[in-house]
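Hi,

Here is the model we talked about. Have a look at it first, and my notes follow below.

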Amino acid sequence: ESSHLFFALTALGFAGLTGFGGMIDGAMTVESWRQLLRLTLLSGIAMMLSLFGVTWSFQVEKRAWLTVVMVAGAVSAGVWTWISTDQLPFLLFVLYATAGMTLGYIGQPRDSMNEVWGRGRTLLLPGFAVAGIGGLIQVGAGFGWLPPVRTGSYGMLFLMLCVSLFLARHWTRTEADNVRKTAELEEARDLQLSLLPESPPQVEGLEFHFEMRTATEVGGDYYDHVEDPEQGLPAVVALGDATGHGSQAGMVVMATKGLFQTALADPDAGATLDRLSRPLHGMRLE
């Protein structure tokens, strides 16, 4: 999922921020010091943009314009950082990205977002709160408003731990849901195949052979036959293909099976199809 990708990029940016940052004091020349500072700040900008991507992946309504604004802000801050070798663009982008993440959640559908946050608010809410407070404190220190601190790094580390636990739990639940849904679809497939005739009709002078291979677990193909020698019908054979495939097509096939067997085939094919068509139309399936 996109949340896993953005989380990996966030962790990579954090690694660059802390790794290059730890090498700055050991720079032997002014130029190497400048390069390490650039890489440190650019890693921090990439980290914040990726963190925005993580929050974006959790949102129900994706706002393309906000994504464009965030990417443009990151590019601008990156170019400014490379030219000036100053931490100001990074500090401003931290505030910019924080505002963007907050704005992304304003106006989201409440019911849908409650479903998302209901599964992870105990992990995500403390993580984002600690990271946000720690980042703002460090930004204030960067502007000289507060004593020098490194709360931002510790806050980000705590946030990544929380997001990692949330994604791991979400992945486990998703896998469990996929196993359950696959089992249900297999049961639906077995049920559908059991409704097909076990053997072809026996009509003198004719040979019949039926076979069906579904594209997915549940298919939309159908074949059947009715034999009623008492009414002078040696065999009425039906072949059909419901539009598409999957559960909805399978429902149409199952309904058609019941209708065909109970409609008592008529020598007039048009009359038989008419009796089948009306109740199928009443099901209001596409």
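A word on areas before the numbers: accessible areas here come from the Shrake-Rupley method with a 1.4 Å probe, and for residues only the protein chains shown count as cover. On that basis, the protein chain has an accessible surface of about 16,900 Å², and 63% of that belongs to carbon and sulfur atoms.

Please keep in mind that this is a predicted model: local features need pLDDT of at least 70, side-chain atom pairs count only at pLDDT 80 or more, and totals for chains, interfaces and linings use all residues. Residues are numbered from 1 along each chain as its sequence is written, and side-chain values use heavy atoms, with hydrogens and water left out.

The overall layout

The protein chain has eight helices and two strands (DSSP runs numbered from the N terminus: H or I of at least four residues for helices, E of at least two for strands). Starting at the N terminus, the order is α-α-α-α-α-α-β-β-α-α. Of the 286 residues, 35% are buried (under 20% relative accessible area; exposed is over 50%, partly exposed in between, with a 1.4 Å probe and protein chains only). Taking contacts (heavy atoms within 4.5 Å) between residues at least 6 apart in sequence, 68% join residues at least 24 apart.

Helix H2 (residues 30-58) holds Ser50. Is Ser50 buried or exposed? Ser50 is buried, at 10% relative accessible area. Leaving aside residues up to four places away in sequence, Ser50 touches Phe6, Leu9 and Thr10.

H2 also packs on helix H3 (residues 64-84) at about 175°, with the axes 9 Å apart (axes are lines fitted to C-alpha atoms, for helices over the stretch in contact, and angles run from 0 to 180 degrees between N-to-C directions). The two are therefore roughly antiparallel (over 145 degrees; under 35 is roughly parallel, 65 to 115 roughly perpendicular, the rest oblique). Among the residues making this contact are Leu41, Ile45 and Trp56 of H2 and Met70, Val71 and Trp82 of H3.

H7 against H8

Helix H7 (residues 247-262) and helix H8 (residues 269-282) pack at about 140°, with their axes 10 Å apart. That angle makes H7 oblique to H8. From H7, Val252, Ala255, Thr256, Leu259 and Phe260 meet Leu276, Pro279 and Leu280 of H8.

Cheers
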